[in-house]
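Subject: Structure handover

Hello,

Here is the structure for you to look through. My notes follow below it.

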Amino acid sequence: MSLSDYPLVSDWLRVADGRLVVRTGKVDIGQRISSALVQIAHEELTVPFDRIAVAPVTTADSPDEGITSGSNSIEQSGHAVCKAAATLRGRVIALAVERMGGAPGDWSLSEGLLTGPGTNRPLPMLDLAREIDLAVPVDLAAEVMATAASPAPMLGMGELVRGQYRFVHDMDLPDMLHARIVRPPHARARLREVPETAVQRLHDDGLHLLRDGSFLAVAGTEEWAVIQSARRLFDACTWDTGAGLPEGDVFAQLTPDNATRLLIRDATPHAVEIPPPLANPTHAARYERPFTMHGALAPSAACACWDGARLEVFTHSQGIYPLRQAIADSLDMDPEQVVLTHVPGSGCYGHNGADDAAFEAALVALAFPNRPVLLKWTREDEHAWEPYGPASAVDLAAVTDADGQIQSFSAEAIGGTFRGRPRPGANRAGPAKLIANWYRDPPLSPAPVKPNMNQHGGLHRNLTPIYAIPETRLVKNLVADMPHRTSALRCLGAAANVFAIESFVDDLAREHGRDPIDYRLAHLTDAGAIAVLERLREALAQRPAAQDEGRGLAYAQYKNTMTRVGMAVDVEVDDLARVVLKRVLMVADAGRVVDLDGLTAQLEGGFLQGASWALHEAVTWDRDGITSRDWDSYPVLRFDNVPRIEVIVLDRQGAPSVGAGEAASGPALAAIANAVRAATGLRLRRLPFTPDSIRAAALNG
């Protein structure tokens, strides 16, 4: 996709100030894509790392690669940079041949220097590249060097370690205003009245008030004064809270009767008649996952400035081009008037509050031309107002033969939408997904919920089993009327679906007295999957579980096409019913490995986020609003329960690189569930596995 839209070498590589500048539309949110792209360019051109830079990602100049999501960055941007660099290498060598003679094969490239016949003085590759017109098509047939090289340093690591890294939250511009939003008690409440006395106090304190319907913001030059005034203003205002938030059991709402139903074939939804459920299944179970947050360690933020003709926004959004369209549409501007530049914020895999914060900063900036506005969300803002990962359920059923082999399999994924990003679409779909537009005058209604019809998209991601089963019945059930706004969260539906399928498969193996790895292998035909599980078995033979611990296994391949992960987790369940994570062993196959340290970090981080979902995370609320508004009421995995993690990577240099950022979290959920079952005999099917839920399961038998 990226190369077809941007087919020129100059779209991806440029030479400026004696450096090779790598260009990309994929933003770095901590997944090290910048370092990986530097690595790719270095491997193809051998230019030293300190002479390679990555251009800022901005709608003013960068390739439009949509949203940085789905573990696609290496496959899309990485492939484009690789082929562009290989094309550039060929053209530089051709220029050397033209100048100095010889054949292309006579010239060698090392440390960014060309050596060949006719000269004993190496030619700097970048000097020659500066003379070449790079506005030429990328040669898709260009031979890739694919040589193993020393790993690229992680960009910005030194500044991070020294506390000198500048995030969007740290921006400090001349004559800058700070801003905070004064939000209703909950998403269904509206502003009724702002007392004149409160307005006058703001004026007396040298602060500014912006009101547009129920959208209310305070701005001023001193950040702490703005924070205090925003808190006081919330208490002073009168709010219409209506009936409040619905308090019923959300899992009771997750049924096919409440859903748009689609049959899944070839991992793709089809609006056709749904086959009847399996007749007389030998096994059936339901698995449930609550609403979850993204858990970004810093709340969202953005900086915006309006000069009367151009609106410039600095944001940590993962999709600056779609967001630009949504902001321009919201403000009746030409998109060319709006420039978004990515500046890192607290990393988050999915759609948190970054897009909303960017639009809110823009709204405030429009009221104060030629003054930058830095708008930060509070911790309560992030916890209570970001789009959540939707609550979901997975209903499974199977028919097995006498040996335990699965003959028929049914899976129904039921839940809310993951499609909450402000993408352009009919009926102002982009603006309708920016929450400030729900409160402006006139307000926009939330965008209608529509199913993701892409292969392995949204709720049905990884619903298609990786195993070879003669008969499958797979159904996607999209529930539109949910209590909270939801959107993309790491792995989308894959996390719940892998959790369900791998827990279910583990129970089938146990019931039939089969070794869990043998049982999975008996249902696999993919050589790569078999290699991962055999390597996992080999490694586990050297690492027996302790007698008082339980060991759980899981296997998955993200989207059934990307990184394969086989995982074993050892846990102890203590006397207080707390799950203590002891050891984790992962075997992964991501094809050709570009950045081993980055890949390992992604797999480790994916496990830790999955473990946090498994043991802690759930959004809570009552009729008066969200109650999980801080790290005590919304606990996450802490350092005191981080296990020893070992990652074994099967590096296959001849294979294409595939995405890995979302490969480990689903297996983590299932492996922990299976480990708890091994340690306690209890099968837990609703996340998270808190001490209360474990004690309740024990009491209920």
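Start with D17, which is found in the loop between β1 (13-16) and β2 (19-22). Helices (H or I, at least four residues) and strands (E, at least two) are DSSP runs, numbered from the N terminus. D17 is not a glycine, yet it has a positive phi of about 55 degrees.

Some ground rules. This is a predicted model, where local features need pLDDT of at least 70, side-chain atom pairs count only at pLDDT 80 or more, and totals for chains, interfaces and linings use all residues. Residues are numbered from 1 along each chain as its sequence is written, and side-chain values use heavy atoms, with hydrogens and water left out.

Next, salt bridges. A salt bridge is a side-chain nitrogen of Lys or Arg within 4 Å of a carboxyl oxygen of Asp or Glu. The whole structure has 45 of these salt bridges. One of them joins R14 to D61, with the closest N and O atoms 3.5 Å apart. R14 lies in strand β1 and D61 in the loop between β3 (52-54) and α3 (73-100), so this pair ties together parts that are 47 residues apart in sequence.

Two peptide bonds deserve a look. The bond from D441 to P442 is cis, with omega near 0 degrees. P442 lies in the loop between β20 (406-415) and β21 (471-479). The bond from L687 to P688 is also cis, with omega near -5 degrees. P688 sits in the loop between α16 (665-680) and α17 (691-699).

Now the domains. The protein is divided into domain 1 (1-147), domain 2 (169-242 + 294-385) and domain 3 (392-417 + 452-700). These bounds come from an automatic or database domain assignment. The centres of domain 1 and domain 2, taken over C-alpha atoms, are 39 Å apart.

How do domain 1 and domain 2 meet, and how many residues are in contact? In domain 1, 15 residues are in contact (heavy atoms within 4.5 Å) with 15 residues of domain 2. The two domains bury about 1,300 Å² between them, 59% of it on carbon and sulfur atoms. Buried area is the accessible area (1.4 Å probe) that two parts lose on being put together, summed over both.

Last, a record. UniProt, in an unreviewed entry, lists residues 162-243 as "domain: Aldehyde oxidase/xanthine dehydrogenase a/b hammerhead". Such annotations may be inferred rather than shown by experiment. Over residues 162-243 the chain is 29% helix and 28% strand. The end C-alpha atoms of that stretch are 50 Å apart.

Best wishes
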